[in-house]
Amino acid sequence: MSGPLKTDSVEQKGQITNPLFWQLLSFVLFFGLWELAGRWPISFAFPPFSRTFVALLSMIADGSLPKAYLSTLQPLIIGIVLCSIIGIAFGIGMGLSRAIEWLSLPIFIVLQAAPMAAIIPLITYMYGIGLTAKVLAVVVLAAPVIVMNSYKGIRNTNPSLLQMCRAFLGTRRQQVIKIILPHAGALIFAGLRLGLAMGFIGIVIAELLITPTGIGDLITYHSSVADYPKMFAAIVSIILLAALTIQALERLERKLFPPEMRGLGDVS
Amino acid sequence: MSADAIVEVNQVGKIYDGGVEALTNVSVALPHGRLSTLLGPSGCGKTTLLKIIAGLIPPSRGEVWVKGNKVDGPGPERAFVFQDFALLPWANVLRNVAFGLELRGLPKEERHQIARKHIAEVGLKTFESSYPHQLSGGMRQRVGLARALAIDADIILMDEPFSSVDEQTRRKFQEELLDLLRHKKKTVIFVTHSIEEAAYLSDQIVLLSARPGTISKIIQPSIDREGRSPDEIRRDKNYLDAVDEIWQILKHYV
Amino acid sequence: MTLFGKRIPIFFSLVVWFVLWEIIGRTELSTITPPFSRVIAAGITIIPTQKFSVAVSISLRSFALGMALALLIGIPMGILMARVATIGKILGMWVNIFVSAPISALVPILMAVIGIGDTTVVVTVFLFAVFVIILDTQIGIKQADRSLVEMARCFGAKRHQVYTKILFLSALPEILAGVRLGVIRGVKGVVIGQLLIAILGVGELFELYSQHFLMEEFWALVLIVFMFAFVVSEAVALLERRVEYYAGSR
C-alpha cells in the first residue's frame with residue numbers, strides 16, 4: 001500500500017531531527033531578523049526586538065501588563081465557559097433532533113462563514129464599556145464554531161456502529177450515551193479549541209474599539225503616545241498567550257482523543 | 001438430513017428509496033442447527049436479505065418468521081457479525097465483546113466473565129486489554145465473532161466476515177468456525193461471494209440471481225466431514241461438484 | 001423535515017426565521033430589532049446610494065487584492081514547506097502560531113508602520129488568510145501518494161511535471177479546503193481591518209450605523225455582507241466538491 005512522501009522531498013543527509021533544536025533555531029532566526037529589521041530605518045514605528053523585550057519586562061514589572069490581563073481574561077473565560085455550555089448543548093440537540101437541525105442548521109452554516117466582528121460595534125454601543133459587552137463579543141464570535149463542531153460530531157457518527165448497537169438491541173438512549181457521545185467527544189473538544197481562538201479575536205477587537213480597559217487599551221494608549229516598544233510588547237504578549245493556550249489544547253486533544261481511538265486510524 | 005426450519009422467508013421484496021429493487025419474491029426456509037450460505041453475484045441483494053432477516057432493514061413486501069415469530073426488528077435470538085467489524089474504537093477487546101451484554105444491563109463482573117470465556121474461545125486470550133487499532137483485520141473479526149457468541153443467540157448472521165482478510169487467514173478462520181459451531185449447535189446464516197467458501201462451509205447454499213435478487217437455486221453439497229482433514233475435503237468429489245455446479249449457474253451473471 | 005407529507009428543503013427554515021423576525025420587530029420587543037420588511041426596505045434604499053457603492057467597491061478591492069496575495073504567496077509557500085524539510089521545520093512553528101492567533105491584534109502595528117489607508121486593509125486581509133492556506137497546502141502535499149509519484153517517474157516525468165501533474169492535483173482537495181477557510185477569514189479581515197482603522201469601507205459603515213442606531217440600515221448591511229461571505233465560501237466549496245471524488249481513493 002502506498003503512504004505519504006518522506007524521502008522524496010529535497011533533504012540533506014545527516015539531518016538533525018530533534019524538534020526542540022528546530023524550534024530554538026526558529027526563534028533565534030525570527031528574533032534575529034526582527035532585531036535587524038528594527039534597526040533598519042523601515043519605520044520609526046517598528047522597534048527592534050531588544051527594545052520590545054525590555055518594554056515587555058518593564059510592563060510586567062510596573063504591573064500594567066498583569067492588570068490589563070486581569071481585565072481581559074475575565075470576560076474571555078466567562079464568555080467561553082458560557083458559550084461552551086450553551087453551544088455544546090445546542091449542537092448536541094441539533095445533532096440528535098431532526099427538527100432542531102432543520103430550523104438551526106442554515107443559520108449556523110451562514111454564521112460560521114460570516115464576519116461576526118461586524119456585530120461588535122453594536123454590542124459596544126448597546127452595552128457600553130463593561131464586562132457584559134466584552135463577554136457578549138466573545139460569545140458572538142465563538143458560538144458558531146462550537147455549535148457546528150458539536151453538531152458535526154454527533155451527526156458524523158459511524159453508521160455501522162449505530163447499526164451494530166441496534167443489532168444488539170440497544171435502545172435509543174443507550175445508542176446516544178454509549179456510541180454517539182463518546183464518538184462526538186473529539187470534535188466537541190476541537191470545537192472548544194477553535195471557539196477559544198475566536199474568543200481571543202473577539203476580546204481583542206472589543207478592547208481595541210472600547211477603551212479604557214484591558215490589553216486593547218494598553219495597545220491603543222501606547223500607540224497614541226508613540227511608545228512603540230510598549231505597544232509592540234503588549235501585542236506580542238496577547239498573540240503569544242493565545243497561541244500557547246491553543247497549542248496546549250491541541251496537545252491535550254491529541255492525548256485525550258488519539259486518532260486511532262476515533263476509528264480514523266488504518267482501515268484495514 | 002432435513003431439519004426443522006428456524007427461519008422462514010416468505011415472498012420478501014425490497015425496494016430502496018430511489019427505486020432500486022434489491023430483492024423480489026424471495027422465499028426460502030433455513031434449517032435449524034445448520035450453516036446456510038447466501039451466495040450470488042455483486043448487487044444480488046444477499047446482504048440486504050441478511051439484514052432483513054436480522055431485523056435491521058424492513059422488507060418492502062413479505063415477511064420473515066424466526067422461531068415461529070414474525071420479525072419486526074432485531075431480537076435476542078439473532079446475533080450479527082459485521083463485514084467492517086463495527087467495533088467501538090475507544091473500547092478494548094474485553095468491553096467490545098461484552099457490549100451486547102452491556103446493552104442488556106448485565107452487571108459488569110458477570111458480563112466480563114462471560115466475555116472472557118468467549119475471547120478465549122476465539123483464540124484472543126492475551127489480547128483482552130488491546131484496542132481495535134492495535135489488532136490486525138483478522139483479529140478484529142474474531143472480536144466481532146466473540147461479541148456475537150457472547151449473547152448466546154440461536155442464530156448467528158455473518159455478513160462476508162472473512163472478506164477483509166488474506167487467504168491463509170481466511171482458510172484458518174473457516175476451520176475454526178466449523179470447529180466452534182460443531183460444539184455449539186447454532187444456526188449460522190452466512191453471506192459470501194466466494195464460491196469455494198460457500199461450498200466448503202455450508203450445509204445448504206442459497207443461490208441468488210442478479211438484481212433484482214431472487215432465489216435461483218438451492219444446493220446441498222452433502223460433504224461428509226467426519227474425521228477428514230481440510231485438504232481431503234477440498235479434494236472430495238461432492239465439494240468439487242458443488243463448486244462446479246455453482247459456477248455454472250453464476251457465470252451467466254458475470 | 002416533512003410537512004403534510006412533503007419534504008421541505010432545509011433552507012426554507014430561514015423563511016421561518018424571517019417571519020419570526022418580522023413578528024418580533026413589529027411587536028417592538030427590542031429597539032435593536034426592526035421588522036424584517038423594514039430591514040429589506042432599508043437595504044433596497046441604501047444599495048443604490050453612492051456612499052454604499054463606494055464603500056463596497058473599496059472593500060471588494062481590498063478583499064480581492066489581499067486574497068490574491070494570500071493565494072500567490074500562500075500556496076507556493078505551503079508546497080515549499082512540505083517539500084524542503086528544513087524550511088518546513090523552521091517556519092512550521094510560526095505558521096501554527098499565527099493560524100490560531102488573534103491577528104486582529106497586529107492591526108495597530110500595521111496602522112503604525114504602513115499608515116491609515118486601504119493598503120493596511122489589504123495587508124490585514126492577506127495576513128488573516130495566508131496562514132491557513134499555507135497550513136492546508138502543506139498538509140495536502142505531504143499526504144500526496146508516494147506510489148503516484150513513483151509511477152510518474154517511471155513514465156519519465158520531469159520534476160516540474162511531478163509537481164504540476166501529480167502533487168498539486170493530489171493535494172487539491174486539501175488546498176481548496178484551506179482556500180475556503182482563507183476566504184472566510186479574508187472577509188473577516190476586511191471587516192475587522194476597516195472597523196479598527198476607521199476608514200471608508202463596509203467596516204466603517206457598520207460602525208456608523210451602530211453609532212447612530214440606524215438599526216434598519218445596520219441589519220440590512222449585515223445581511224448583505226453575511227450573504228456575501230456565505231456565497232463566496234460556498235463557491236469555493238463547490239470547487240472542493242468537484243475534486244472530492246478522488247479524495248477517498250488517493
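Biologist: How far does helix α6 (residues 131-155) of chain A reach from its first C-alpha to its last?
Modeller: α6 of chain A has 25 residues and reaches 35 Å, close to the 36 Å expected at 1.5 Å a residue. The expected span is 1.5 Å times one less than the number of residues in the helix. Bear in mind that this is a predicted model, where local features need pLDDT of at least 70, side-chain atom pairs count only at pLDDT 80 or more, and totals for chains, interfaces and linings use all residues. Residues are numbered from 1 along each chain as its sequence is written, while chains are lettered from A and ligands numbered from 1 in the order in which they are written.

Biologist: And what counts as a helix or a strand here?
Modeller: They're DSSP runs numbered from the N terminus: H or I with at least four residues for helices, E with at least two for strands.

Biologist: Where does α6(A) bend?
Modeller: At A:Ala142, by about 40°. A proline, A:Pro144, follows within four residues. The bend is the angle between two fitted axes, one for the seven residues ending at that position and one for the seven starting there.

Biologist: How many residues of α6(A) are buried?
Modeller: 21 of the 25, so α6(A) is largely enclosed by the rest of the structure. Buried means 20 or more other C-beta atoms within 10 Å of the residue's own, exposed means 12 or fewer, and partly exposed is in between, with C-beta atoms placed from the backbone.

Biologist: Which residues have the most contacts inside the largest nonpolar core?
Modeller: A:Ala137, A:Val138, A:Ala142, A:Ile205, B:Ile53, B:Leu157 and B:Ile189, in a core of 220 residues. α8(A) brings the largest share of this core, 20 residues. A core here is a set of buried Ala, Val, Leu, Ile, Met, Phe, Trp, Tyr and Cys residues joined through C-beta atoms within 7 Å.

Biologist: What is A:Ile205 in contact with?
Modeller: Leaving aside neighbours within four places in sequence, A:Ile205 is in contact with A:Ala117, A:Ile120 and A:Ala137, plus C:Ser104 and C:Ile192. Contact means C-beta atoms, placed from the backbone, within 7 Å.

Biologist: OK, on to the interfaces. How many residues of chain A are in contact with chain C?
Modeller: 55 residues of chain A, facing 52 of chain C. On the chain A side, α10(A) gives the most, with ten residues. By class, that side divides into 42 nonpolar, ten polar and three charged. Ala, Val, Leu, Ile, Met, Phe, Trp, Tyr, Cys and Pro count as nonpolar, Asp, Glu, Lys and Arg as charged, and the others, Gly among them, as polar.

Biologist: What about chain B against chain A?
Modeller: There, 19 residues of chain B are in contact with 17 of chain A. Helix α3 (residues 99-104) of chain B gives the most to the chain B side, with four residues. That side has 14 nonpolar, three polar and two charged residues.

Biologist: How many helices and strands are there in chain B?
Modeller: Nine helices and ten strands. Its radius of gyration is 18 Å, close to the 18 Å that the globule rule gives for 254 residues, so chain B is as compact as a globular protein of that length. The radius is taken over C-alpha atoms, and the rule is 2.2 Å times the number of residues to the power 0.38. Of those 254 residues, 43% count as buried.

Biologist: And which elements make up chain C?
Modeller: From the N terminus on, β-β-α-α-α-α-α-α-α-α-α-α, which comes to ten helices and two strands. The C-alpha atoms of chain C fill a box of roughly 70 × 60 × 30 Å along the principal axes. Buried residues make up 44% of its 250 residues.

Biologist: Is A:Ala226 buried or exposed?
Modeller: Exposed, with 11 other C-beta atoms within 10 Å. A:Ala226 is in the loop between α9 and α10 of chain A. B:Phe85 counts as buried, with 25 C-beta neighbours inside 10 Å, and lies in the loop between β6 (78-81) and α2 (93-97) of chain B.

Notes: Contact = placed C-beta atoms within 7 Å.
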